[in-house]
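Trainee: I would like to learn how to read a structure with two chains, one feature after another. Could you take me through it slowly?

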Amino acid sequence: MGFKLTEEFKAKAEKICTQYPRRDAALIPLLLELQKETSYIAEEGMDYSRVKAVTTFYTMFNREPAGKYHLQVCRNISCHMAGAPGLLERLRKKLAIAEGETTKDGLFTLSCVECLGACGLAPVIQVNDKYFENLTAEKVDALLENLRHEL
Amino acid sequence: MENILLKDNVAGIEAYVACGGYKPLKKALGLKPAEVIEEVKKSNLRGRGGAGFPAGLKWSFIPKDSRGSRYLVCNADEGEPGTFKDRELMLKNPHALIEGMAIAGYAIGAGRGYIYIRGEFAAEAQLLEKALAAARSKNFIGKNILNSGFDFELSTHRGAGAYICGEETALLQSLEGYTGRPRLKPPFPAVKGLFGCPTVINNVETLAAVPAIIEKGGDWYASIGNGKSAGTKLFCVSGPVNKPGVYELPLGVTFRELLEKSCGGMKPGKKLKAVIPGGSSTPVLTAEEAWAVKLDYESLAASGSMLGSGAVIVIDESQCMVKLLEVLARFYHHESCGQCTPCREGCGWIEKILNRLEEGKGSAEDIDTLYSVADAMKDRTICPLADALALPVMSFVKKFRSEFSAHAAGKTCAGSQRIEVRE
């Protein structure tokens, strides 16, 4: 996948491994760190079934390259009642993509996710690692504009 | 009464210590581990993650003669739909959790602890790491804590998105670097848990209550609340109420008081139709049942539901119960780990039938099939995920059958339309 582990990454990985009596327990935290660098975990060249099992079991691992901003719309019960379906439709239209797709400019990926644990401030979307809560039509439009201009 | 858990301005270590923080740890280290467990038993503190198992009793299950390592794990994999209390607690009062873990670690003889936090809580994990570093620098965790000879190392471990990892044995699998598939019990984690060693797993809210119990005594804590439901509980309220959020109240508070006093009532124009009182996996209550219920373990069990995680999901008249159940079925089908047939197949069939009913393509027979599939899933799997969908299905169908029948007769309802986001 054209990504070379830097010395910095290796040092960080080593530090994570020391947290556990068995080094293989660090697999998931290490994959999360790796994904921060690469935006996804490539399956090509993966010859270890345990790693493949983990990357397909946990939803936070992207199996395809993701856009610069990964918009993850919560669609569970509290967000649903607060307008998540309308929010998703708005994003679909604005970005002209469906769930699971990435815009041609590589800027945005749109996904649906389950409960993010922020139900008191529904509806919620997560952009990469960050939560945006209590969203309205106006706020989500502004959010897209802000992200576009952060280029 | 004064809050025990949710306090303002104690997130930093200096402020926490200034309010008497980490004194309970010092006190605990001066007691015998068995005495600490006894105090927690006396408090009647019960698991706040959903199951409500007595915490002190859980600790006492660690075999006294076990050699080698023991572990303490905090379950911060907050994922039960409707639940957002642990996140707030970790942001506002992270040191209560860390101190509670150091005390619990001492009580069970664990030298190592992990806080398993859901992967999406990246900011919260970072904040916890900072709090851990601060606690380490003051020797509240680490080697020879406060010159007591007790060593306890503690770190965070992020999950990567899987509801099932909130189940304690799936969490252990995940913490060991595997897919999160629940283990058969027995052996229970207290005997054979993390890395095959005796392990205690407690929820964030449970552990964060421990310092206050040690400071003021088990009897004091047991006197709060409603009989066997002792202490305060974090209730997280979502849905169309004026002030959704997390409220700390004594167990046994009425739903009416929570809704009207704490949450400022329903939003203008919204009328209460139903309440899911303890997170998405607990049976739904009708408005009439909810108005009459007290929020504690026994009262909610008597009403046919559960306290669960304390996630109170408020549903108003504009919502379609068939649609909401479809949302839950999709979720549980997606989150089923797939190792037990009744769950893997049952969740899928329930979702399919509900899709059909929602689209107006179902039949009256489908409603009975829904119920019987749910009944067939119940109590037949390794972990409670199948029950977590079966119980809502059975209660939704029983209590709101007329809505299911209307859908089966091909009538659409306003609540099935796409719900728009506020302008």
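Predicted model: local features only at pLDDT ≥ 70, side-chain atom pairs only at ≥ 80, totals over all residues.

Trainee: Which residue forms a salt bridge with Arg75(A), and how far apart are the closest N and O atoms?

Mentor: The partner of Arg75(A) is Glu114(A), and their closest N and O atoms are 3.3 Å apart. This pair links distant parts of the chain, since Arg75(A) sits in the loop between β1 and α4 (77-81) of chain A, while Glu114(A) belongs to the loop between β2 and β3 of chain A, 39 residues apart.

Trainee: How should I read a sheet, and in what order do the four strands of the open sheet in chain A stand?

Mentor: The general idea is that strands of a sheet pair through backbone hydrogen bonds, either parallel or antiparallel. In chain A the four strands form an open sheet in the order β2-β1-β3-β4, with mixed pairing. At the edges stand β2 (108-113) and β4 (130-132) of chain A, and each has a single partner strand, so one side of each is left without a neighbour in the sheet. From one strand to the next, the twist averages 25 degrees.

Trainee: How many bridges join strand β1 of chain A to β2(A)?

Mentor: Six bridges join strand β1 (residues 69-74) of chain A to β2(A), and these two strands run parallel. As one case to find on the screen, Leu71(A) has Leu110(A) in β2(A) as its bridge partner.

Trainee: Which strands does helix α5 of chain A lie across?

Mentor: Helix α5 (residues 84-95) of chain A lies across β1, β2 and β3 (125-127) of chain A, and runs at about 150 degrees to β1(A). Helix α6 (residues 137-149) of chain A also packs on the sheet, where it touches β1, β2, β3 and β4 of chain A, and its direction makes about 5 degrees with that of β3(A).

Trainee: What is the pairing in the open sheet of four strands in chain B?

Mentor: In chain B the pairing is parallel, and the four strands form an open sheet in the order β3-β2-β1-β4. The edge strands of this sheet are β3 and β4 of chain B, each of which pairs on one side only. Ignoring direction, neighbouring strands are turned by 20 degrees against each other on average. Strand β1 (residues 71-76) of chain B pairs with β4(B) in the parallel sense over five bridges, and Cys74(B) stands opposite Asn202(B) in β4(B). Helix α7 (residues 122-137) of chain B lies across β2 and β3 of chain B, running at about 170 degrees to β3(B).

Trainee: How many residues of chain B are in contact with chain A?

Mentor: On the chain B side 58 residues are in contact with 48 residues of chain A. The area buried between the chains is about 4400 Å², and carbon and sulfur atoms give 59% of that area. In chain B, Ala160(B), Val421(B) and Arg422(B) lose the most area to chain A, together 15% of what that side buries.

Trainee: How many salt bridges does the rule find across this interface?

Mentor: The rule finds four salt bridges there, and in one salt bridge the side chains of Arg22(A) and Glu176(B) meet at 3.5 Å, N to O. Between the two chains, the count of residue pairs in polar contact is 21. Within the side of chain B that touches chain A, α15(B) gives the most, with eight residues, and the residues of that side divide into 26 nonpolar, 17 polar and 15 charged.

Technical notes
Residues numbered from 1 in each chain as written. Chains lettered and ligands numbered in written order. Heavy atoms only, no water. Contact = heavy atoms within 4.5 Å. Buried area = accessible area lost by both parts, 1.4 Å probe. Polar contact = N/O pair within 3.5 Å; in protein donor to acceptor, adjacent residues only side chain to side chain. Nonpolar A, V, L, I, M, F, W, Y, C, P; charged D, E, K, R; others polar. Pairing = 2+ DSSP bridges. Axes fitted to C-alpha atoms, helices over the stretch in contact; angles between N-to-C directions.
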